[in-house]
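Consider where a protein model leaves open space, and what surrounds that space.

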Amino acid sequence: MCGSIRLKEIDAADRKAKMGYYLARHFQGRGIAGACVRAVLAHAFGALDLNRIQLQCAAGNQASMALATRLGFTLEGVLRQGECLNGVFVDLHVYGLLRKEFVPDGASSRK
């Protein structure tokens, strides 16, 4: 196994969920995370009929922030000291993606 991805806190009434993912360092940079997240997003916006997906990542996690941006997510804000990682409080960047913004083939829908 090289990593994991999941939808959590699925809210059928408001048609939204949160997404989390992890990819081991030696598998990064191969397009694996992008392809997997895109597939889960297609399922979320298709079969699950969701309208919004949210994800959060630590402010220092450049790879995760870049992936979110490449996939069309919008940075919506920062939760100051939103998580304690290894005994240190870190800021969390909050990203959101709406169904109408999702482009399954990977091309950016925003300019």
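Strand β2 (16-23) gives the largest share of the lining of the largest pocket, 6 residues. Strands (E, at least two residues) and helices (H or I, at least four) are DSSP runs numbered from the N terminus. The model is predicted, so local features need pLDDT of at least 70 and side-chain atom pairs 80 or more, while totals for chains, interfaces and linings use all residues. Residues are numbered from 1 along each chain as its sequence is written, and side-chain values use heavy atoms, without hydrogens and water.

The largest pocket has a volume of about 1000 Å³. Of its 38 lining residues, Tyr21, Tyr22, Leu23, Asn61 and Ser64 are the closest to its centre. The lining divides by class as follows.

| Class | Lining residues |
|---|---|
| Nonpolar | 18 residues |
| Polar | 11 residues |

Asp, Glu, Lys and Arg count as charged; Ala, Val, Leu, Ile, Met, Phe, Trp, Tyr, Cys and Pro as nonpolar; the others, Gly among them, as polar.

Helix α2 (62-70) also gives two or more residues to this lining. The buried residues of α2 are Ser64, Met65, Leu67 and Ala68. They cover an arc of only 160 degrees around the axis, which puts them on the same side of α2. The arc is taken from the directions from the helix axis to the C-beta atoms. On the other side of α2, Gln62 and Arg70 are exposed. Buried means under 20% relative accessible area and exposed over 50%, with partly exposed in between (1.4 Å probe, protein chains only).

Notes: 1 Å grid on protein atoms, 1.4 Å probe; cavity = no way out; pocket = protein on both sides within 12 Å on 5 of 7 lines; lining within 4 Å. Points joined across faces, edges and corners; volume = space filled by probe spheres on them.
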